[in-house]
Amino acid sequence: MPTYEDAVAFLGEWGPYQQLVFFLLCFTFFPNGFTSLCIVFIGDTPSHHCLIPASANLTSVWMNNSIPLEEHVGEWSLSKCSRYNLDALTRFSQSGLIPGIDVNLSNVQQEACLDGWEYDRTNYDSTIVTEWDLVCEDQMKGPLTSSIFFCGVFLGSCISGPISDRFGRKIVMFSALAIHTVFSLCQVLSPSWALFCALFFLVGMGATSNYVSAFVIGMELFNPVVRTVFSTAGSCFFFGFGYMLLPLLAYYIRDWRMLLLTFHAPTVLFALFWWFIPESPRWLLSQGRVEEAEDIIRQAAKKNKMQAPLVVFDGAEQFSPEHTKEASVHMWDLLSTRNIRWTTLTLWLVWIDLSITYFVLSLNTSNLHGSIFLNCFLSAALEIPAYALSWGLFRYLPRRLCLSMSLFLGGVMILCIPLIPSDMNFVAIAFEMTGKFGMTLGFALIFAYTAELYPTVLRNTAIGACSMASRIGCISAPYLLSLRSYSVALPYIMVGTFTVLAAMISLLIPETFGKPLPDSIPHMLEFPGCFKKNKLFGITEEEKPPKDPAMKSGII
């Protein structure tokens with residue numbers, strides 16, 4: 001019996017049909033790059049201090065001395081959360097007293113910002129921070145906003161895999177696209193921070209569900225050569241382009257509502273892709289829907305001007321559900337045997353570290369020396385060569401070595417940053433960007449690597465579960481970055497150490513280079529030290545895969 005790749009080989013590798021589906025799937029990744037990091041701009045906190053109302057009737061001298069000075073990281077600046085008692089200042093001003101000469105300001109009582117805050121408008125007309133005053137006692141709402149988004153991403157990762165494994169990749173992908181677009185546009189009308197966060201949660205859920213489902217469609221639809229390009233360079237390039245567009249739009253559109261509207265309004269056109277992107281034939285075969293799978297292949301052959309055989313998949317009579325379906329699978333089946341369990345747990349640890357480090361470095365661009373727009377653009381632009389390199393590495397070198405080296409590069413560069421003198425800002429930025437390059441390279445590799453490790457019946461669930469695990473890192477990243485308020489070096493030391501440890505742990509993952517994509521549970525590679533023993537699916541170390549023709553064919 002031929003494998004799936006053998007059965008569809010007559011289509012060719014890169015015909016008009018594959019090209020169309022390839023680029024349409026890649027375009028659906030474009031909004032994810034913008035959405036995942038838009039909080040860098042719409043949630044940035046400009047310099048601010050207490051507002052002194054004009055009705056206070058202070059002289060210019062007292063107006064200039066109405067805010068106390070505070071020391072922060074060795075520098076003196078205006079207090080962000082307190083001012084001198086306004087009634088006292090008014091009395092001093094009306095009496096003609098001079099601050100620092102007639103009045104010792106250190107003895108003047110201070111009070112909270114009772115009239116609100118005055119924000120620096122150099123970089124922004126408005127952000128969610130300036131609109132809803134997410135500062136001082138509400139300053140933790142800033143990182144909480146990011147964490148709520150990633151909680152939505154977490155939930156999307158939990159449910160998108162099992163749902164698409166049960167109901168199909170295509171329906172989940174387009175439902176997620178609709179959720180992503182509709183609720184992103186609803187955010188523009190948010191009257192309160194609470195509603196904004198509720199919508200942001202749903203946006204995160206839709207964004208990750210779309211990404212995972214579209215990624216799996218491509219992995220299952222294309223042949224090995226195109227699959228490598230799609231899973232590394234293709235999907236990641238378009239994510240990177242969306243990320244690069246973010247600082248460009250933010251530079252010209254300084255209002256957060258208009259920024260979201262400008263980007264997300266055109267994404268409603270993705271609805272047109274429904275008629276061009278097919279369901280995954282592999283998934284249809286795994287469900288026993290052989291005729292539908294053959295119809296898709298025949299349409300592809302027609303577009304490529306190829307003649308399809310009368311029977312695309314030999315032994316079609318064997319593709320009834322009772323022959324093609326393995327035992328019903330669930331997310332907990334990723335932990336059901338020693339081999340699958342250790343592979344899954346190791347991948348989860350690596351995914352979590354990649355996510356923490358990637359988002360700490362990405363969100364930190366607003367804290368770097370220089371222009372936030374330029375720093376963010378550089379952070380996004382360097383992802384493009386990282387994705388290009390990932391394609392070459394993935395095609396010609398072992399996956400395990402590439403992943404480990406990229407993590408090691410990122411971790412070492414990050415650990416070196418605290419050692420750089422404070423007056424060498426551009427050297428520190430260069431090291432941080434190099435570390436970001438390593439983490440981006442690792443992220444590009446881990447998606448495709450994970451997809452190669454699991455069989456068809458578990459693939460989408462596995463990628464969704466790994467994506468779900470990584471969101472633990474995403475959720476914690478904003479709070480980890482907030483440790484800068486205690487020590488600028490602390491976030492670097494923590495994420496750098498985690499990353500070097502992840503580089504060592506990744507060497508335990510089974511190598512998939514040069515091996516076919518597994519189509520069923522028995523085809524999974526062994527984790528070091530584990531034997532093939534799978535009571536759930538009836539596989540033991542001594543047993544060979546079932547004699548069932550459909551299982552042997554690999555077309556499931």
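These are my notebook entries on a predicted model, taken one topic at a time.

**Ground rules**

I number residues from 1 along each chain as its sequence is written.

**Entry 1: the whole chain**

I started with the secondary structure and found 23 helices and six strands. Helices (H or I, at least four residues) and strands (E, at least two) are DSSP runs, numbered from the N terminus.

Next I looked up burial: 57% of the 556 residues count as buried. Buried means under 20% relative accessible area, exposed means over 50%, and partly exposed lies in between (1.4 Å probe, protein chains only).

The chain exposes about 23300 Å², and carbon and sulfur atoms supply 64% of that area. Accessible areas come from the Shrake-Rupley method with a 1.4 Å probe, and for residues only the protein chains shown count as cover.

I also checked contacts, meaning heavy atoms within 4.5 Å. Among contacts with a separation of 6 or more, 81% are between residues 24 or more positions apart.

**Entry 2: salt bridges**

I was glad to recall that side chains of opposite charge can pair when their charged atoms come close. A salt bridge here is a side-chain nitrogen of Lys or Arg within 4 Å of a carboxyl oxygen of Asp or Glu. How many salt bridges does the structure hold? I found eight.

I looked at E111 and R83, whose side chains meet at 2.8 Å, N to O. This pair links distant parts of the chain, with E111 in strand β5 (residues 110-112) and R83 in strand β4 (residues 82-84), 28 residues apart. Both E111 and R83 are buried.

R83 also meets D115 in a salt bridge, at 2.9 Å, N to O. D115 lies in the loop between β5 and β6 and R83 in strand β4, so this pair ties together parts that are 32 residues apart in sequence. D115 is partly exposed at 36% relative accessible area, whereas R83 is buried at 2%.

A further salt bridge joins K141 and D138 at 3.9 Å, N to O. I noted both as partly exposed, K141 at 28% and D138 at 25%. Shared partners join R83, E111 and D115 into one network of salt bridges.

**Entry 3: aromatic rings**

I then turned to rings of Phe, Tyr and Trp (its six-membered ring), which pair if their centres lie within 6.5 Å; planes under 30 degrees apart count as stacked, over 60 as edge-to-face and the rest as tilted. The count comes to 34 aromatic pairs.

One of them is F30 with F263, a stacked pair at 5.9 Å centre to centre and 20 degrees between the planes. F30 sits in helix α3 (residues 30-37) and F263 in helix α12 (residues 256-264), so I wrote down a link between distant parts of the chain, 233 residues apart. F30 is partly exposed at 23%, and F263 is buried at 6%.

For Y124 and F373 I read 6.3 Å between ring centres and 55 degrees between planes, so the pair is tilted. Y124 is in the loop between β6 (117-119) and α7 (128-132), and F373 is in helix α17 (residues 372-381), 249 residues apart. Both Y124 and F373 are buried.

I also found a cluster linked by ring pairs, made of W132, F149, F150, F196, F200, W256, W351, Y358, F359 and F443.

**Entry 4: charges over rings**

A charge sits over a ring if NZ of Lys or CZ of Arg is within 6 Å of the ring centre and within 35 degrees of the ring normal. I noted K170 over W274, 4.3 Å from the ring centre, and R254 over Y251, 5.0 Å from the ring centre.

I found a positive phi in each: near 50 degrees for D133 and near 55 degrees for C136. D133 is partly exposed at 25%, but C136 is buried at 9%.

Methods: This is a predicted model: local features need pLDDT of at least 70, side-chain atom pairs count only at pLDDT 80 or more; totals for chains, interfaces and linings use all residues. Side-chain values use heavy atoms; hydrogens and water are left out.
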